[in-house]
Amino acid sequence: AVAESQVLLAALAERFGYKKDEVAAYNNKFRNTVLAYLGAERLQIIYAAKGLDGVAAEVQKLKTAGVI
């Protein structure tokens with residue numbers, strides 16, 4: 001679940017203002033935070049049910065809340 005979630009988050013990073021090439025910022029401010037709040041398994045379930053747009057919607061909730 002974690003490996004798949006990392007691929008999903010890398011695909012979404014730029015939509016939320018993070019460049020996966022900027023490793024420290026991407027890992028600490030985006031990937032780790034999203035995984036801490038949503039969990040890898042949950043992201044995988046959302047992706048299976050709703051695709052990448054479903055995952056993006058969940059991440060958007062974190063952005064709206066000021067978490068990321």
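Are Tyr18 and Phe30 buried or exposed? I looked them up, and both Tyr18 and Phe30 are buried; buried means under 20% relative accessible area, exposed means over 50%, and partly exposed is in between, with a 1.4 Å probe and protein chains only.

**Before going on**

I note that this is a predicted model, where local features need pLDDT of at least 70, side-chain atom pairs count only at pLDDT 80 or more, and totals for chains, interfaces and linings use all residues. Residues are numbered from 1 along each chain as its sequence is written, and side-chain values use heavy atoms, leaving out hydrogens and water.

**Entry: aromatic rings**

I looked for ring pairs, meaning rings of Phe, Tyr and Trp (its six-membered ring) with centres within 6.5 Å; planes under 30 degrees apart are stacked, over 60 edge-to-face, and the rest tilted. The count comes to 3 aromatic pairs. One of them is Phe16 with Phe30, which is stacked, at 6.1 Å centre to centre and 25 degrees between the planes. Phe16 sits in the loop between α1 and α2 and Phe30 in helix α2, so this pair ties together parts 14 residues apart in sequence. I also checked burial: Phe16 has a relative accessible area of 6%, and Phe30 has 0%.

Next I turned to Tyr18 and Phe30, whose ring centres are 5.2 Å apart with planes at 25 degrees, so this pair is stacked too. Tyr18 belongs to the loop between α1 and α2, 12 residues from Phe30 in helix α2. I wrote down one aromatic cluster, formed by Phe16, Tyr18, Tyr26 and Phe30.

**Entry: α1 and α2**

Helices here are DSSP runs (H or I, at least four residues), numbered from the N terminus. How do the axes of α1 and α2 cross? I found them coming within 11 Å and crossing at roughly 125 degrees; axes are lines fitted to C-alpha atoms over the stretch in contact, with angles from 0 to 180 degrees between N-to-C directions. α1 and α2 are therefore oblique to each other; under 35 degrees is roughly parallel, over 145 roughly antiparallel, 65 to 115 roughly perpendicular, and the rest oblique. In contact (heavy atoms within 4.5 Å), Leu9 is among the α1 residues and Phe30 among the α2 residues where the two helices meet.

**Entry: α1 and α3**

I found the axes of α1 (residues 2-12) and α3 (residues 40-64) within 10 Å, crossing at roughly 10 degrees. These two helices, α1 and α3, are therefore roughly parallel.
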